[in-house]
Amino acid sequence: MISATPTLRLSVLDRSRTREGEESARALRGTVDFAREAERLGYHRFWVSEHHGVPGVAGSAPTVLAAAVASATSRIRVGTGGVMLPNHRPMVVAEQFGVLAALFPGRIDMGLGRSVGFTDGVRRALGREKDAADDFGAQLAELLGYFDGSQHAHRGVHARPAEGLQVPAFVLATGAGADLAADAGLPLVIAAARGEERMLAAIDRYRARFRPSAQAADPYVVVSGTVAVADTAERAQELLVPEAWSGAYSRTHGEFPPLAPAAEIRARRMTERERAAYEQSLKGHIAGTPERAAAELTALVERSGADEFLVTTSTYDRTALLDSYRLLAEAVGQA
């Protein structure tokens with residue numbers, strides 16, 4: 001089942017998606033179990049996400065969850081995709097990652113994003129406004145300064161045990177965020193959320209603008225996206241349905257719900273607006289048999305020149321989800 005280059009580096013981002021009728025604790029335990037399997041399958045990194053007040057996502061404290069994942073594994077790199085820096089004070093983020101890096105040396109990644117709370121209520125609860133992301137560049141510089149001792153925003157203040165530790169930092173970006181990653185000399189993590197053409201243009205800008213830093217001498221690009229794999233193309237497409245409906249529901253109702261079974265979603269009577277959003281959500285992903293998915297993934301990596309691909313697939317059926325990741329790992333010669 002080898003149909004793509006075995007040098008393709010694959011990683012995982014899991015958002016601890018909840019399922020209808022299940023408690024959030026089940027999703028969090030599922031993330032830890034998933035990480036063990038990802039390590040067994042040879043994935044390079046396992047990252048967890050940050051979402052606040054979202055019914056469909058249990059992962060609200062990524063550094064806490066990363067500690068659980070790192071404790072349950074032994075080799076795979078563990079990190080965040082990402083900690084949303086505008087939601088936090090940089091010193092607190094530095095301290096949290098410092099603790100992680102001290103406990104799990106050489107295994108921790110610090111993925112950082114620019115998003116703020118999903119709703120006005122969540123933003124108020126976090127003590128942030130919509131424009132909090134405008135200061136991301138300064139927040140990032142302060143955060144990195146706590147690790148190398150160069151921060152000057154608060155003279156005489158040191159983040160313990162972060163100072164002196166080497167924790168690779170990544171910037172999660174769309175559009176202008178790629179410029180921030182380039183200016184900081186950090187690896188870029190990017191998805192085709194606004195279309196592949198715009199993603200490729202942002203990657204080109206990032207490479208052209210990149211300034212070498214203590215973190216990275218050269219540009220490093222991680223492309224992220226959904227890859228659904230099954231023994232038939234039809235079953236692979238079925239894996240996309242639960243997440244597509246959650247995305248469509250969030251755009252039409254303002255709330256991101258738990259995952260529902262594919263059969264239940266297909267039987268729904270959708271409004272015209274819901275149907276349009278749902279069908280749009282099914283587009284732009286890689287889905288198919290192992291050979292087909294590996295070929296499409298390899299082609300995307302070649303078009304983008306990506307150094308790594310971060311697989312972000314979610315679906316209702318946990319067994320089918322793990323099978324998808326296993327089939328993909330086998331197809332690229334990784335497992």
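**Aromatic pairs and a helix contact**

At 2% relative accessibility, Tyr-325 counts as buried, where buried means under 20% relative accessible area, exposed over 50% and partly exposed in between (1.4 Å probe, protein chains only). Tyr-43, at 4% relative accessibility, likewise counts as buried. The model is a predicted one, in which local features need pLDDT of at least 70 and side-chain atom pairs count only at pLDDT 80 or more, whereas totals for chains, interfaces and linings use all residues. Residues are numbered from 1 along each chain as its sequence is written, and side-chain values use heavy atoms, with hydrogens and water left out.

Rings of Phe, Tyr and Trp (its six-membered ring) pair if their centres lie within 6.5 Å, with planes under 30 degrees apart counted as stacked, over 60 as edge-to-face and the rest as tilted; by this rule the count comes to seven aromatic pairs. One of them joins Tyr-43 and Tyr-325 edge-to-face, at 5.7 Å centre to centre and 65° between the planes. This pair links parts of the chain 282 residues apart, with Tyr-43 in the loop between α1 (24-40) and β2 (45-48) and Tyr-325 in helix α12 (residues 318-331); helices (H or I, at least four residues) and strands (E, at least two) are DSSP runs, numbered from the N terminus. Phe-34, Tyr-43, Phe-46 and Tyr-325 form one aromatic cluster.

Helix α7 (residues 196-209) and helix α11 (residues 290-304) pack at an angle of about 45°, with their axes 10 Å apart, the axes being lines fitted to C-alpha atoms, for helices over the stretch in contact, and the angles running from 0 to 180 degrees between N-to-C directions.
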